[in-house]
Amino acid sequence: MKKLILTLLITLTSLVSFSQESAMGRAYQFYLGEITYEDEIKWIKGPVAVDILVQFNNGEVIIYSEDHQVYQVVKEMGRKDDTVMWKATDKKGKNCWLFLTELDETNAALTIRYGDYAWMYICTAE
């Protein structure tokens, strides 16, 4: 059943900018990273246990953390293997990138990346 829910979550989010549907997930781990000179993410903190609701809704990703995070999807930038990448803007209008990666049958990683830092939530479908 969770595999079906995760597949639905991935499918809905791949259509997020066009969909009238919404999907929910629950983040249970958090990682913080910095961008290296090689343009890779070096994870400097984590895993940290969390319990955070994540909502994918009508071209918008909302993370109900202590700091209410809202990201507007601008456009899908492509797919590679099990990852979908979008260009987005945060609630202050700053550009960022969102990555959703299917990790296994019940888990996905949602990564939010800016020019010099990134963070990632490991989620399961709600």
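**Stop 1: β3 and its partners**

Select V61 and Y71. V61 stands opposite Y71, which sits in β4. You are looking at a predicted model. β3 and β4 run antiparallel, and four bridges join them. The hairpin they form has five residues between the strands.

Stay on β3 and show its side chains. Side chains in a regular strand alternate between the two faces of the sheet. Here E60 and I62 point one way, while V61 and I63 point the other way. Are these four buried or exposed? All of them are buried.

Turn to the other neighbour, β2. Strand β3 covers residues 60–63 and pairs with β2 in the antiparallel sense, over four bridges. Select N57 and E60: E60 is the bridge partner of N57. Then select Q55 and I62, which are also bridge partners. The hairpin of β2 and β3 has two residues between the strands. Click N58 in that turn. N58 has a positive phi of about 50°.

**Stop 2: β1 and β2**

Select residues 22–35, which make up strand β1. How many bridges pair β1 with β2? There are twelve, in the antiparallel sense.

Follow the chain into the loop between β1 and β2, where D39 is placed. This hairpin has five residues between the strands. D39 is not a glycine, yet its phi is positive, at about 65°.

Move on along β2 to G46 and P47. P47 lies in strand β2. The peptide bond from G46 to P47 is cis, with omega near 5°. Most residues other than glycine have a negative phi, and most peptide bonds are trans.

**Stop 3**

Select D81, in the loop between β4 and β5. D81 is another non-glycine residue with a positive phi, here about 55°. Is D81 buried or exposed? D81 counts as exposed because its relative accessibility is 75%, and the cut-off for exposed is over 50%.

**Stop 4: T89 in β5**

Select residues 83–90, strand β5, and click T89 within them. T89 counts as buried because its relative accessibility is 19%, and buried means under 20%. Which residues does T89 touch, leaving aside its neighbours within four places in sequence? The list is V70, Y71, Q72, V74, K94, N95 and C96.

**Stop 5: β6 and β7**

Select residues 95–102 for β6 and 107–113 for β7. The two strands run antiparallel and are joined by six bridges. Pick W97 and look across: R113 in β7 stands opposite.

Next, click A108, also in strand β7. A108 is buried, with a relative accessible area of 1%. Draw a distance from A108 to A125, C-alpha to C-alpha. The two are 17 residues apart in sequence and 8.3 Å apart in space.

**Stop 6: the largest pocket**

Rolling a probe the size of a water molecule over the atoms shows where empty space is left. The largest pocket holds about 330 Å³ of space. Of the 18 residues in its lining, select the ones closest to the centre: S65, D67, Q69, Y71 and W119. Which strands each supply at least two lining residues? They are β2 (41–57), β4 (69–80) and β8 (117–125).

**Stop 7: zoom out**

Switch to a cartoon of the whole chain. The secondary structure comes to one helix and eight strands. Along the sequence the pattern reads α-β-β-β-β-β-β-β-β. The eight strands close into an antiparallel barrel, in the order β1-β2-β3-β4-β5-β6-β7-β8. From one strand to the next, the twist averages 35°.

Colour by burial. Of the 126 residues in the chain, 43% are buried. Then show the surface. Its accessible area is about 7200 Å², and 52% of that belongs to carbon and sulfur atoms. Residues 24 or more positions apart account for 44% of them.

Notes. Residues numbered from 1 in each chain as written. Predicted model: local features only at pLDDT ≥ 70, side-chain atom pairs only at ≥ 80, totals over all residues. Heavy atoms only, no water. Pairing = 2+ DSSP bridges. Axes fitted to C-alpha atoms, helices over the stretch in contact; angles between N-to-C directions. Buried < 20%, exposed > 50% of the residue type's maximum accessible area, 1.4 Å probe, protein only. Contact = heavy atoms within 4.5 Å. Areas by Shrake-Rupley, 256 points an atom, 1.4 Å probe, with all protein chains shown as cover. 1 Å grid on protein atoms, 1.4 Å probe; cavity = no way out; pocket = protein on both sides within 12 Å on 5 of 7 lines; lining within 4 Å. Points joined across faces, edges and corners; volume = space filled by probe spheres on them.
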